[in-house]
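Subject: Structure for you to look at

Hello,

Here is the structure I promised. Please open it and keep it beside you while you read my notes.

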Amino acid sequence: MSEIRTTCAYCGVGCGILASKNESKWVIKGDPDHPANFGRLCSKGTNLGETLGHQGRMLHPQVDGETVSWDTALDTVASKFATIAEKHGPEAIAFYLSGQLLTEDYYVANKLAKGFIGTPNVDTNSRLCMASSVAGHKRAFGSDTVPACYEDLDIADLIILDGSNAAWCHPVLYQRIQQNRRKRGGKLVTIDVRETATTEGSDLALIIKPGTDAYLFNGLLSEIARRNIVDRQFVEEHCVGFSEALAAANESSGDIENVASKCGLAIDDLRQFYDLFIANDKTVSCYSLGIHMSSSGTDKVNAILNCHLATGRIGKEGSGPLSLTGQPNAMGGREVGGLANQLAAHMGYDAASIDKVARFWNAPNIARSDGLKAVEMFDAIAEGKIKAVWIQSTNPAVSMTDSSKVREALANCEFVVVSDCMEQTDTLDYAQVKLPAAAWGEKNGTVTNSERCISRQRAFITPPRDAKPDWWMVNQVAIRMGFEQGFNHASPAEIFAEHAGLSAFENDGERAFDLSGLCEINEADYEEFQPVQWPVLGPILGPILRQNGGEKRLFGKGGFTHKDRKARLIAVEPRLPVEKVSDQFPLQLISGRVRDQWHTMTRSGKSPTLSRHRTEPYVEISAEDAKKFGLVHMGLARVTSRLANSIYRVRITDGQPSGTAFVPIHWSRNNSSGGLSGALFASHYDPHSGQPEGKAMPVFVEPIAVEFSALIISRKPLDPKLPIFWTRARAKNCYLHYLAIEQQPPEGWPDRVATFLDENVDDLITYEDKSVEIFRAALFKNKMIETAVFIAPGHNPLEERETEKWFNSTDSSVRNRWMSISPASVDGKGAQGDLICSCFAIDAAEIVEAISSGKATSVEDIGKLLSAGTNCGSCLPEIAKTIESAQKPV
């Protein structure tokens, strides 16, 4: 089979991928011709091939737990929606969508809900990711338009990363930045509330107090004015509001000493940052969830945009603001109107826009006002105002803030429909109707990345059993509700052509989002579609070539999309997080992502390679706070907010400032009894964007007494409900289950362990040393190891993880059956330690051995010797740390 060009399923970088089949295995590699990545992939993209199996997939539609035909399922949804709309009004129905959907899926879902059912209650998990950037763009520019492009990262003299751990979350872009530093001497300033892999690779790292970014950039605006680098001509010709914005900045931030105090910075570091900005016209400011995911995120965005507008550093080569999108198609969802406060195609709910869209869609029942944003939507479900919700390709029971309330709302909702590719997610537990969706690699459509570049996703695998594309499901429900004329698309290409047509309809240049050059796209053109940045104004079909259309940068000469064509500088009054630390809750909790996992792990958690990096939910805390609260490294701790509590493995780190703690967002009840981070955060949301706070919540942390730890390795996933803490991770041909047990059971270990084992076995061997309280067991079926159990005293995760290699072995000799539970590892080596490089499966022990043996002395040597760090580069800071630790004198 020839190589299929497609686009990655993960973050908003939008990397091009080449997929090809080698015997029975899919080989995934970067597309060297794609403008987003030029052949590079991160660890997640590199290992997409490990997630393509059908294990764990939803294969058939279900209604009330019973497998049914597609006709039955679709009739049920259409009939129930129609009944609820007639009885309670269309606003009693809601759609909750996802940045994982393709643009074509998004378009028809938005059209059905807003145009034909007539409900404005359409929102998306992008509300949790990028909504504050959307609101900031609209306030400043008049539309949700990103002015810069990735090429600017290659040629900028100064790059600012604020609230972005790009080394882990956008590794391909991070490596472009590092290449700029190496080849051109470009400078990198990172701004964060804790040290990360990204801050370690910067020229200047500003570790600020949580929530103080607006003070920092207001101070910069004041400094810009004081040092007389305002671009007066640009401001006078293309902007309004400068005087008011500057007055607000001067009042809130004042002089440099005041800013340093508010942000918790050394004056010299702050002055160095301001000096760098003043000195470099070619400045790109990148910002991501650390800015957006805040109860004042929109103001933070506008504080950054103010500095670029005041200096005219926008829409020019190597200069401009660039928001880094979290999902592969959050941008595409924004384009079609998949947010509650948008109608469609960058049009809102003003009378003129409603009239245009209604005429284009021939939809007299069109919604006529803003709908409920995500937090408000689930509140309305809880209150019974929304009676039915269709959740597509997302897992809000885990990802939403105050997720316990979301679970309760869904449990009590009259009618919940969930379409997903997986058969088990926390959200699916609440669905009356479950619809099997086609997954990445099985469906066709388009996605738009962070630089407005539209790329194709192409199918190269047949969907399993009854799985269908999301657009097909939506169209079928629409047809059954009587809306056939608006939903008779035969293919994604037809939907895209309609989407492009709406963007161009009576546009006349008033909206930056314009795909008029793609309105006449046909099936052949769609199949050959090459990446292109919008706006696309001229006919560029047959085949579409990216050099024949699109604009890299916008607003360099003005032309903003407010009615007067001028940008707005916004008077920003900084606000700190709503909830403050106290004696009861003395630590400020921060949430975020880890390098090798994605969202709630329904896809990335299938990869054995990715699962090795971090196998358990963890809380990072400073040594000072660990001592204060009695925590030990790799022990267990309970993290408690005023809403909930959850258990985490403790990681003590020098990079976590005292008074704060960090937890990842990825774990759920589907793979752990702990790590339910969404439940800890209150739903305080930004008044402009509706985006909830995920970067500041006061908590208390306390140690958990654990008498025994256990590791169970099994060929199938187990549900070990008995211990106080458990978590499950994928490994090659098996699953790893880590357990914490408060005390030895009265009946002894053999009987307790029997609760985890399959009774249909050929052989069971056990080993117990009561003098040191160690117990081991191995279960065999058809002469192959089925399950291995290791129990030992204390907190520390057990080192017998090497036993997982026996699950890849066909040697069933007596010696090797006993070796499977012996203390020695399979190959005589010690424990692997943390996985450092996922791309080449290099662990800490291998790097330490290379340093200890003298074969390597530097990061570059490790790359040459082991290949670690030579692909996506996201592990380079960890390699450097491991080398530093190995070289320290004992």
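The buried residues of helix H20 are Asp470, Trp471, Met473, Val474, Asn475, Gln476, Val477 and Ala478. Buried means under 20% relative accessible area, exposed means over 50%, and partly exposed lies in between (1.4 Å probe, protein chains only). Helices (H or I, at least four residues) and strands (E, at least two) are DSSP runs, numbered from the N terminus.

Before going on, two notes on the source. This is a predicted model, in which local features need pLDDT of at least 70 and side-chain atom pairs count only at pLDDT 80 or more, while totals for chains, interfaces and linings use all residues. Residues are numbered from 1 along each chain as its sequence is written, and side-chain values use heavy atoms, with hydrogens and water left out.

Why is H20 largely enclosed by the rest of the structure? Eight of its eleven residues (470-480) are buried, so the rest of the structure largely encloses it. The cover over those buried residues includes helices H2 (70-88), H3 (103-117) and H21 (492-504). Strands E14 (388-392), E15 (415-420) and E16 (433-436) are also among the cover. A contact here means heavy atoms within 4.5 Å. Just after H20, Gly482 has a positive phi of about 95°.

**Ile391**

Ile391 sits in strand E14. It is buried, at 0% relative accessibility. Leaving out residues up to four places away in sequence, Ile391 touches Tyr96, Pro396, Leu410, Val416, Val417, Val418, Ser419 and Thr427. Ile391 and Asp420 are 29 residues apart along the chain, and their C-alpha atoms are separated by 8.6 Å.

**The whole protein**

The protein has 29 helices and 34 strands. Its radius of gyration is 27 Å, close to the 29 Å from the globule rule for 890 residues, so the protein is as compact as a globular protein of that length. That radius is taken over C-alpha atoms, and the globule rule is 2.2 Å times the number of residues to the power 0.38. The C-alpha trace spans about 80 × 70 × 55 Å along its principal axes. Of the 890 residues, 64% are buried. Among contacts with a separation of 6 or more, 71% are between residues 24 or more positions apart.

**Cysteines**

How many disulfides are there? The count is zero, where a disulfide is a pair of cysteine sulfur atoms within 2.5 Å. Take Cys169: the closest cysteine sulfur, in Cys11, is 8.4 Å from its own, too far for a bond. Cys169 is buried, with a relative accessible area of 16%. Cys307 is in no disulfide either, and the nearest cysteine sulfur, that of Cys263, is 12 Å away. Cys307 is buried too, at 1%.

**Backbone details**

Most residues other than glycine have a negative phi, and most peptide bonds are trans. Here are some places to check against that.

- Glu23 has a positive phi near 60°. It lies in the loop between strands E2 (16-22) and E3 (25-30), and is exposed at 74% relative accessibility.
- Asn228 has a positive phi near 60°. Its loop runs between helices H8 (213-226) and H9 (232-238), and Asn228 is exposed at 58% relative accessibility.
- Trp534 and Pro535 are joined by a cis peptide bond, with omega about 5°. Pro535 is in the loop between strands E19 (532-533) and E20 (567-568).

Best wishes
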